[in-house]
Amino acid sequence: MSFGYSTRRFAAVGLAAALGFSSPALAATATGSFGVHITIQSSCILVSATDMTFPNTGVIAADVPSTSTLSVQCTNATPYNVGLNAGTGAGATVAVRKMTGPASATINYSLYTEVTHATVWGNTVGTDTVGGTGNGAAQPFTVYGLVPAQTTPAIGTYNDTITVTVTY
């Protein structure tokens, strides 16, 4: 008895099925799931703060203004206050800050919450800080500085460092 081509082909297909080479339509699947969670808590960061550089001047016979920009980012709906300390100058207060230069000489200046220089920017929450409510994005604030007319000290570079505190 002779086996023809079609019989051999049928045997090959049967052997393939027996060895596990079945069509994908016969594959089984199983599914499951898992949860994904995050908890957001109230948080604020100082994103940036630019240096305040007053223009070069000679005799301080008139007020000299300058500005700086702070950027604060807080979680959405988080209330916060931004405070500025008195700085590092000896004898400085938030009302009269002091840049120190050659031979410990100082130049008085103040920082304000608005361009009219009416409200000193300090660090007592509820008194002289600037408040806001977070929206999840960085929020900018302008700090307005003013060196008032005063007796001019020796030539040189005068500096101070202000600490920014975000209370939330």
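## Pairing of E3 and E6

Strand E3 (residues 79-84) pairs with E6 in the antiparallel sense over 4 bridges; two strands count as paired if DSSP finds at least two bridges between them. Asn-81 has Gly-131 in E6 as its bridge partner.

This is a predicted model, in which local features need pLDDT of at least 70, side-chain atom pairs count only at pLDDT 80 or more, and totals for chains, interfaces and linings use all residues. Residues are numbered from 1 along each chain as its sequence is written, and side-chain values use heavy atoms, with hydrogens and water left out.

## The sheet

An open sheet is formed by 3 strands in the order E6-E3-E8, with antiparallel pairing. Strand E6 (130-133) and strand E8 (164-167) are its edge strands, each pairing on one side only. On average, neighbouring strands of this sheet are turned by 25° against each other, direction ignored; the axes are lines fitted to C-alpha atoms, and angles run from 0 to 180 degrees between N-to-C directions.

## Elements of the protein

The protein has 1 helix and 8 strands, running α-β-β-β-β-β-β-β-β from the N terminus on. Helices (H or I, at least four residues) and strands (E, at least two) are DSSP runs, numbered from the N terminus.

## Burial, contacts and surface

Of the 168 residues in the protein, 26% are buried (under 20% relative accessible area, 1.4 Å probe, protein chains only). Among contacts (heavy atoms within 4.5 Å) between residues at least 6 apart in sequence, 73% join residues at least 24 apart.

The accessible surface of the protein is about 11,000 Å², and 58% of this surface belongs to carbon and sulfur atoms. Accessible areas come from the Shrake-Rupley method with a 1.4 Å probe.

Notes:
Buried < 20%, exposed > 50% of the residue type's maximum accessible area, 1.4 Å probe, protein only.
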